[in-house]
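Subject: Handover of a structure

Dear colleague,

Please find the structure below, together with its sequence. A short account of what was found in it comes after.

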Amino acid sequence: MSRKGVGLAAFDRSRITSAQYASHGSSLRSTDASAFETQLSVFRSLLQQFAQTHAKDIRSNPTFRAQFARMCAAIGVDPLTSSNTSGGADKGGGGGSIWAQLLGRTVNDFYFELAVRVVEVCGETRGENGGLIEVRKVRESLMGKSMEGAPEITEDDILRAVGTLKPLGSAYSVIKVGSKPYIRSVPKELNTDQSAALEAVQVLGYISVPMLMVNLKWARARAQTALEDLVGEGMLWVDKQADECEYWSPGFMLEGQQQQQQQEAAG
Amino acid sequence: MQSSPTPTPAPFAFPREYFFPPFFTRQTNLTTHHAQLVKWASLVLSYCRHHRIFKLSLSGQSPTTTTTTTTASTTTPTTNLLDATTPSSTTSDELFHNRKLNRKLSLADVREVIDFLRKDGRAEYVGGGSSGKDSGDVAWVYWRTPEEWAALIEAWVDETGQKGTVLTLYELTQGDATRGAEFHGLDPELLQKALGTLVKRQKAQIFGHEDSQGVKFF
């Protein structure tokens, strides 16, 4: 197509060609843009419609809510990003995330309210658990407190709610101990030995130095240090009335009672 | 509310921590220990409230014979009068000793809980450490403080329009008229304390002798 011209006329020709290319390109761009804009507006209105029709379900039905959140993640819309964090000054009107605008804040508010309650639970129990609490416990606590007919909350919701706290630069984060998610409300790192010990505690609710030595093939000093460090952090409770000193997870208080009640029911 | 004392009260629903073995060991971590004390304090209060225990025997958990002035400690709590006044050792035993777990709170730790309650004005040692070896082994547990009892009595007197009339202390806590009131069956000594606060505020006047005391409300 492009034959290299010779002589002065070639300069003119190349100038004309590039101008033509440019104009064609810009026309293509504008059609693309307008097409995309219509797509976006269609998508917006559909999403809005969807959210409006299902607002109730989103709030009350945990499975539906989870699916919805997953769908949003799949299409690259994070329902919770930066709503309100930018101060609402950008883009003139409205402010907040597209999501908040679309959903009339239903979903956002749900998670923000939940986050507040999660923070409350963490704060209330910090004295007894050193700021490390299993997500399952948070859920139990929340469900126990909420009134009859209140929407059910899943662990997934709680994890998402904790995620909303991130823009605040707060100390709240989710860590995994073994396979179970925990919410850590005190900015402290666990070393690998401590994590391993905590993971071992999950099995029975408690652990002792000899148990760690046998199961993890640790030296006595190593096991002792890990457990005492965890006690020092307030994450384990000591029971000195056992044959061997036992170290208990405060999260186990609930199961203990349930077991007791089961025993009573059985006996 | 449920002041008509039934011979067999509904079993006390222990909180979850009561079934948590380390709950009976003094925690070494300060923060944890504080959380532990808070839990124990609220457990003691709600337990005593449930069983209407006014005086808690701290050493009642050890089955050793305690020679006290209250010789008439009947083992069966059939008579509600005695039941209310003398803390039956079995119940306080249950409180600090979980037999199923085989865990118990040591006396020193119990005292710490009582001290914790004292700081809150919710407990007080009986006798204040005067009567020899037995001193400090029994403590008032104020799930209602004397002031709160006084307010209840005052409200009742007000409601029933008995201001200015003389009531005997006996009929206040044991009489038929107060059956159903929460202070029915109140420990006589605690009643004295409660009325004492009213006297101090010049809302009441006590007269008479040991056994036949009367009180007049203004």
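This is a predicted model: local features need pLDDT of at least 70, side-chain atom pairs count only at pLDDT 80 or more; totals for chains, interfaces and linings use all residues.

Residues are numbered from 1 along each chain as its sequence is written, and chains are lettered from A and ligands numbered from 1 in the order in which they are written.

Chain A has ten helices and six strands (DSSP runs numbered from the N terminus: H or I of at least four residues for helices, E of at least two for strands). Of its 267 residues, 28% are buried (20 or more other C-beta atoms within 10 Å of the residue's own, with C-beta atoms placed from the backbone).

In chain A, the axes of helix α7 (residues 192-204) and α9(A) come within 9 Å and cross at roughly 80 degrees (axes are lines fitted to C-alpha atoms, for helices over the stretch in contact, and angles run from 0 to 180 degrees between N-to-C directions). α7(A) and α9(A) are therefore roughly perpendicular to each other (65 to 115 degrees). Asp193(A), Gln194(A), Ala197(A) and Leu198(A) of α7(A) meet Arg222(A), Ala226(A), Leu227(A), Asp229(A) and Leu230(A) of α9(A) (two residues are in contact if their C-beta atoms, placed from the backbone, lie within 7 Å).

The contact between the chains takes 19 residues from chain A and 17 residues from chain B. On the side of chain A that touches chain B, α10(A) gives the most, with five residues.

Leaving aside neighbours within four places in sequence, Val44(B) is in contact with Leu95(B), Val113(B), Leu117(B) and Val141(B).

Chain B holds an open sheet of three strands in the order β6-β8-β7, with antiparallel pairing (strands pair if DSSP finds at least two bridges between them). Its edge strands are β6 (166-168) and β7 (204-209) of chain B. β6(B) pairs with β8(B) (residues 212-217) over three bridges, and Leu167(B) has Val215(B) as its bridge partner in β8(B).

Yours sincerely

Methods. Angles under 35 degrees count as roughly parallel, over 145 as roughly antiparallel, 65 to 115 as roughly perpendicular and the rest as oblique. A residue is buried if 20 or more other C-beta atoms lie within 10 Å of its own, exposed if 12 or fewer, and partly exposed in between; C-beta atoms are placed from the backbone.
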